[in-house]
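Here is a short briefing for a first look. Start with the sequence and the 3D view, then read the points by topic.

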Amino acid sequence: MPNNTPLIAKASVTNVRVTPQKARRVVNLIRGQRADEAIRIAKFSPQIAVSESVYTLLNSAVANAKQKNPAIRDASELWVTEALVDEGYTMKRYRPRAQGRGYQILKRSSQISVVLSDDKNYRPISKAEQRKRAKAALETAVVEKTEVAAEAAPAKKAPAKKATAKKAAAKKAAPKKEAN
């Protein structure tokens with residue numbers, strides 16, 4: 001029986017001292033490419049600070065794929081199906097300015113993650129889709145459980161309703177006698 005599940009290999013790097021905006025320049029170039037072509041793009045892209053990190057990240061993901069499935073010979077059999085850049089920590093530094101003021105400088109960092117697959121059209125399931133599927137599965141389980149419980153339990157007679165208490169009639173006030 002053939003196994004139709006695609007091979008998925010992941011790799012990620014955190015605390016890359018490059019802003020996410022600059023890192024996305026390189027990562028957007030490699031998304032959807034063959035892994036060997038993506039490695040070539042990362043190696044020779046002009047954004048040196050990011051490209052070195054992405055290059056080693058891609059090589060790591062290819063090594064992870066080979067570890068999972070030894071039948072994979074080289075990176076040309078794999079595709080970059082997902083490549084993300086998220087914000088990392090931000091270092092806050094201060095710069096002296098005129099009249100005793102200080103301006104804040106934000107030194108940003110990035111977190112880069114890559115997913116390789118042997119299926120070009122593989123798309124990972126998003127977190128929202130996972131939650132939706134789990135909720136649907138939970139609802140069907142609850143419905144099945146109530147159906148089974150209804151079949152197993154004998155029908156109970158509905159409890160009789162109590163009669164509502166009647167309010168006592170209000171007493172009428174006697175008319176006051178006028179003094180002459």
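V115 lies in strand 3; strands (E, at least two residues) and helices (H or I, at least four residues) are DSSP runs, numbered from the N terminus. This is a predicted model, in which local features need pLDDT of at least 70 and side-chain atom pairs count only at pLDDT 80 or more, while totals for chains, interfaces and linings use all residues. Residues are numbered from 1 along each chain as its sequence is written, and side-chain values use heavy atoms, with hydrogens and water left out.

**V115**

- V115 counts as buried because its relative accessibility is 9%. Buried means under 20% relative accessible area, exposed over 50%, and partly exposed in between (1.4 Å probe, protein chains only).
- Leaving out residues up to four places away in sequence, V115 touches I8, A9, K10, W79, V80, T81 and E82. Contact means heavy atoms within 4.5 Å.
- L84 is 31 residues from V115 along the chain, and their C-alpha atoms are separated by 8.9 Å.

**Strand pairing**

- Strand 1 (residues 8-16) pairs with strand 3 in the antiparallel sense, over 7 bridges. Two strands pair if DSSP finds at least two bridges between them.
- A9 has L116 in strand 3 as its bridge partner.
- Strand 2 (residues 79-96) and strand 3 (residues 102-117) run antiparallel and are joined by 15 bridges.
- A83 has V114 in strand 3 as its bridge partner. K92 stands opposite L106 in strand 3.
- Strand 2 and strand 3 form a hairpin, with 5 residues between them. In the turn, Q99 has a positive phi of about 60°.

**Helix packing**

- Two packed helices are described by the angle between their axes and the distance between the axes.
- Helix 1 (residues 20-30) packs against helix 3 (residues 48-68) at an angle of about 40°, with the axes 9 Å apart. Helix 1 is therefore oblique to helix 3.
- Angles under 35 degrees count as roughly parallel, over 145 as roughly antiparallel, 65 to 115 as roughly perpendicular and the rest as oblique. Axes are lines fitted to C-alpha atoms, for helices over the stretch in contact, and angles run from 0 to 180 degrees between N-to-C directions.
- From helix 1, K22, A23, V26, V27 and I30 meet V50, V54 and L58 of helix 3.
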